[in-house]
Amino acid sequence: MAKTETTADLEFKAGQKIVYPAHGVGTVTAIEQQQVAGMTLEVYVVSFDQDKMILRVPTNRATASGMRALAGSKLVDDALKTLGGKARIKRTMWSRRAQEYEAKINSGDLISIAEVVRDLHRLEDQPEQSYSERQLYESALDRMARELSAVESIDHDKAMERLAESLAKKKAA
């Protein structure tokens with residue numbers, strides 16, 4: 001490592017809520033220096049309370065790994081509008097679609113996650129979901145609710161209600 005970053009150059013600060021693509025919303029609890037294989041490495045210490053997990057991300061690789069700040073209110077509004085849209089389900093095999101949905105969820109992109117929720121949401125008059133469909137749907141819905149609750153400073157249940165309201169608009173459309 002030729003250049004070592006100082007704390008002033010860092011994109012994220014201790015106490016800031018962030019989104020890590022594979023794990024969802026977390027909090028940067030500290031910025032530490034660690035010795036790894038004889039090299040000094042500066043890392044963000046990210047805590048994910050919902051999973052009771054701590055992740056250490058090198059500061060110079062944070063954005064490359066997809067770590068980002070919480071979505072802005074405009075992006076959240078766009079994601080909520082996406083939920084009310086018409087489902088776009090491709091006519092490919094379920095295993096292929098499941099992989100695509102999983103990739104969208106793990107991308108960390110709020111709009112992509114909203115698309116998964118929209119496509120897998122079932123109304124009362126529609127056939128029941130398979131186990132794997134339900135797992136993907138609940139994973140995407142939970143990931144979206146966590147970011148919504150962090151952005152709008154509301155609890156998880158209120159965020160779930162907001163998402164349910166947006167999904168209910170789909171029925172009227």
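Okay, so let's start with helix 1, which passes helix 3 in a right-handed crossing. Keep in mind that what we're looking at is a predicted model.

Who does the touching? On the helix 1 side we have Leu75, Val76, Asp78, Ala79, Thr82 and Leu83, and they meet Leu110, Ile111, Ala114, Glu115, Val117 and Arg118 of helix 3. Sort the residues of this contact by type and you get 8 nonpolar, 1 polar and 3 charged.

Now the geometry. Helix 1 covers residues 73–83 and helix 3 covers residues 110–120; they pack at about 20 degrees, and their axes are 8 Å apart. Angles under 35 degrees count as roughly parallel, so helix 1 is roughly parallel to helix 3.

How many of its residues are buried? It's 10 of 11, so this helix is mostly covered. The buried ones include Ile113, Val116 and Leu120, but also Arg118 and Asp119.

Okay, over to the loops. Most residues other than glycine have a negative phi. Lys52 isn't a glycine, yet its phi is positive, about 50 degrees. You'll find Lys52 in the loop between strand 3 (39–48) and strand 4 (53–58). Buried or exposed, this Lys52? Exposed, because its relative accessibility is 77% and the cut-off is over 50%.

Then there's Ser153, also not a glycine, with a positive phi of about 50 degrees. Ser153 sits in the loop between helix 4 (131–152) and helix 5 (156–172). With 67% relative accessibility, Ser153 counts as exposed too.

Conventions. Residues are numbered from 1 along each chain as its sequence is written. This is a predicted model: local features need pLDDT of at least 70, side-chain atom pairs count only at pLDDT 80 or more; totals for chains, interfaces and linings use all residues. Side-chain values use heavy atoms; hydrogens and water are left out. Axes are lines fitted to C-alpha atoms, for helices over the stretch in contact, and angles run from 0 to 180 degrees between N-to-C directions. Helices (H or I, at least four residues) and strands (E, at least two) are DSSP runs, numbered from the N terminus. Angles under 35 degrees count as roughly parallel, over 145 as roughly antiparallel, 65 to 115 as roughly perpendicular and the rest as oblique. A crossing is left-handed if the near helix is turned anticlockwise from the far one by less than a right angle, and right-handed if clockwise. Contact means heavy atoms within 4.5 Å. Ala, Val, Leu, Ile, Met, Phe, Trp, Tyr, Cys and Pro count as nonpolar, Asp, Glu, Lys and Arg as charged, and the others, Gly among them, as polar. Buried means under 20% relative accessible area, exposed over 50%, partly exposed in between (1.4 Å probe, protein chains only).
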